[in-house]
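Here are my notes on the model, point by point. Please read them with the structure open.

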Amino acid sequence: DPHTWHDIYFCWRNYQSSGINAEYGGLYDPIFPEDFWFSSYNPPHGYDCIRIMEPSDPHTWDDNYFCWRWGAKDPLMKWKYNGPEPGMKCTQIVEAANPASHTWHDNYLCVPQDSYLDFTWSSAGQIPGKSCLQWLESADPYTWNDNFLCM
């Protein structure tokens with residue numbers, strides 16, 4: 001058709017030079033802590049999440065989420081409240097001030113073995129020299145106000 005083909009364009013993006021991972025549909029690896037969020041009450045808008053729960057803790061640990069921003073690649077994290085996930089790199093998430101009956105001693109945040117995410121947990125404030133994200137469950141009276149996931 002000679003009358004309308006002058007305004008048709010084929011566009012493409014060079015993913016290799018843009019830092020975007022074409023293997024995952026153009027999604028990028030989420031940046032810690034900027035692209036992550038801990039929510040103590042339901043998933044926030046604009047984020048994908050995994051649920052963080054401890055069934056033995058009565059202080060609203062059934063509605064918490066660890067999230068990464070939409071547009072970022074799924075980091076393939078798993079939350080385990082009954083021991084680490086075999087074959088994954090896991091960080092123990094524990095608050096020693098919680099009573100033993102709340103069973104926080106066997107809680108882990110896990111990522112694939114080859115993940116760039118290499119977390120460290122602190123239940124006593126931010127770790128100097130590391131980037132940290134606070135995990136605050138204000139309904140839990142056992143000093144969750146000073147807990148941080150760091151990298």
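**Notes on salt bridges, rings and the pocket**

1. Lysine 80 is partly exposed at 21% relative accessibility (buried is under 20% relative accessible area, exposed over 50%, partly exposed in between; 1.4 Å probe, protein chains only). Its partner is glutamate 85, in a salt bridge with closest N and O atoms 3.1 Å apart (a side-chain nitrogen of Lys or Arg within 4 Å of a carboxyl oxygen of Asp or Glu). Glutamate 85 counts as buried, at 18%.

2. This is a predicted model, where local features need pLDDT of at least 70, side-chain atom pairs count only at pLDDT 80 or more, and totals for chains, interfaces and linings use all residues. Residues are numbered from 1 along each chain as its sequence is written, and side-chain values use heavy atoms, with hydrogens and water left out.

3. Glutamate 85 also forms a salt bridge with lysine 78, at 3.7 Å between the closest N and O atoms. Lysine 78 is partly exposed, with a relative accessible area of 39%.

4. The salt bridge count comes to four. One of them joins aspartate 35 to arginine 69, with the closest N and O atoms 2.9 Å apart. The two residues are 34 apart in the chain: aspartate 35 sits in the loop between helix H1 (15-18) and strand E1 (36-39), arginine 69 in strand E3 (DSSP runs, numbered from the N terminus; helices are H or I, at least four residues, strands E, at least two). Aspartate 35 is buried at 7%. Arginine 69 is partly exposed at 32%.

5. The whole structure holds 15 aromatic pairs (ring centres of Phe, Tyr and Trp, its six-membered ring, within 6.5 Å; planes under 30 degrees apart are stacked, over 60 edge-to-face, the rest tilted). Tryptophan 61 and tryptophan 144 form a tilted pair, 4.6 Å centre to centre, with 50 degrees between the planes. They lie 83 residues apart, in the E2 to E3 loop and the E8 to E9 loop respectively. Tryptophan 61 is buried, at 1% relative accessibility. Tryptophan 144 is buried too, at 1%.

6. Which residues do ring pairs link into a cluster? They are Phe32, Phe36, Phe38, Trp61, Phe66, Trp79, Trp104, Phe119, Trp121, Trp135 and Trp144.

7. The largest pocket holds about 180 Å³ of space. Its lining has 12 residues, and Lys73, Pro75, Pro112, Asp114 and Ser115 are the closest to its centre. (A pocket is an open set of points on a 1 Å grid over the protein atoms alone, where a 1.4 Å probe fits, with protein on both sides within 12 Å along at least five of seven lines; lining residues have an atom within 4 Å of a point.)

Notes: Grid points are joined across faces, edges and corners, and a volume is the space filled by probe spheres set on the points.
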